[in-house]
Amino acid sequence: MDDVYRLYNKTASPKVDIKEYFDNYKKLVADYFISMKKDKDNFMSMMGVELAEEELSMLTNYCSIDNLTVEGEAPKLANIRKMRKKDIFDAQEPEDVDLQTIQKLRQRLKQQTKRLQYKYQSELFINHTKKEGTYETCAVPGQDILVFVRVYHPFAQKARNAPRKECGSLRRLNNVIAVLGSQTLAQLRDKISCIADYSISKECSENLDNAVGPMAKEYYKSGFFFIEDTFYNDMRCSTNIDYSAVIIDWAQRRPRLGPFKVATMEDCRIDSLCLRFGFPWLYKHQGGCEHLIVFSDARLINCNDELAISAYPQIVRLRPMSSKFCMICGVYNAQWITMKHERIPHNPCYFCDSCFKSYNYIDGKKVGNFEAYAYPRNIEAVKGKIDI
């Protein structure tokens, strides 16, 4: 992977031992760390003074940033990262102002032709309701580590000697997962959602009642993470297969590759990893379904975060996906796929449930020759059993 994705070396961090880094960081800030909980005692402790209630109220009002606003100014934004471009206040350009900054702004706006790009414009923030009043184990602010992992949709890598007309799939973000440093790679894996885990495709045109079978993840539980030079295999089930064995055997016959190490993901804590942030690593499951994962950020958890350990790993951001619509009516979402259909010019063709049954069946009997498959979808999400 280092050879294929060496372009990312320019933006990736040096290798970071997560636990060692934050242990050293906590030693540096131990004497200066102040709880981020916003209460009066913390404010006065930080300022090193003891104030009466009236004095503190007067000082709070006097130092309020609301006193810095002027007439016609854009309203204060709590968190601009969570807003889309269309939601951001469009400030009016002042008239009859000779300030050089305004003149330069006018020139830049006239010359600007490219569309502005915002870091989070294609991502949705997930607002989780905090579990108040629970008595479960909680993370400790300023002590426990929170790591953010970007998980991408499955992709097909284009080979170097592949013909030009053949193209690989685009890298598209699926979601961003927050995981505690004390949790394991196996717990991270359990939070990764992929459509390949939720269905086993089978031809069902003769019997639609058996279209949706068992979920693939219940039968094919093997998988691994490849991070730096180590394969972390999921061996929680006795029937799991070591996917990395064939790769290591193949690499041993190529002197430029390896050596590689092997470990189990259920025994590997997140904070025990030594890796490069911003560099793409691999998650593989279901035999040949590959996802890029990127460790994008890490910090100490604070009082504004959800502290219940059971709430993690949790999805904090995701990228919306466009739905696949019926190719007949173009209104409803696809629920069926047909192949080798003698009465349809498209192969494959996507149908909603109504169009599929009304066009391909008369009184429950199949019309013509075709193969039918249930459109793969997350059955648990449809039934409301998944908590992101």
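Strand E3 is joined to strand E4 (residues 173-180) by seven bridges, and the two run antiparallel; strands here are DSSP runs of at least two residues and helices (H or I) of at least four, numbered from the N terminus, and two strands pair if DSSP finds at least two bridges between them. Within this pairing, phenylalanine 148 stands opposite alanine 178 in E4. E3 also pairs with strand E10 (residues 289-300), again over seven bridges in the antiparallel sense, and here valine 151 has isoleucine 293 as its bridge partner. The model is a predicted one, in which local features need pLDDT of at least 70 and side-chain atom pairs count only at pLDDT 80 or more, while totals for chains, interfaces and linings use all residues. Residues are numbered from 1 along each chain as its sequence is written, and side-chain values use heavy atoms, with hydrogens and water left out.

How enclosed is strand E3 (residues 145-152) by the rest of the structure? Eight of its eight residues are buried, so E3 is largely enclosed; buried means under 20% relative accessible area, exposed over 50% and partly exposed in between, with a 1.4 Å probe and protein chains only. Ile145, Val147, Val149 and Val151 cover one side, and Leu146, Phe148, Arg150 and Tyr152 the other.

Turning to the rings, the structure holds 15 aromatic pairs. Rings of Phe, Tyr and Trp (its six-membered ring) pair if their centres lie within 6.5 Å, and planes under 30 degrees apart count as stacked, over 60 as edge-to-face and the rest as tilted. One of these pairs, phenylalanine 226 with phenylalanine 231, is tilted, at 4.7 Å centre to centre and 40° between the planes. Phenylalanine 226 is buried at 7% relative accessibility, and phenylalanine 231 is buried at 4%. Tyrosine 350 and tyrosine 375 make an edge-to-face pair, because their planes lie at 75°, with the centres 6.0 Å apart. This pair links distant parts of the chain, 25 residues apart: tyrosine 350 lies in strand E13, and tyrosine 375 in the loop between strand E16 and helix H9. A further group, Trp336, Phe351, Phe356, Tyr359, Tyr361 and Phe370, forms one aromatic cluster. Over the ring of Tyr359 sits the charged end of arginine 343, 4.2 Å from the ring centre; such a contact needs NZ of Lys or CZ of Arg within 6 Å of the centre and within 35 degrees of the ring normal.

As for cysteines, zero disulfides are found in the whole structure, a disulfide being a pair of cysteine sulfur atoms within 2.5 Å.
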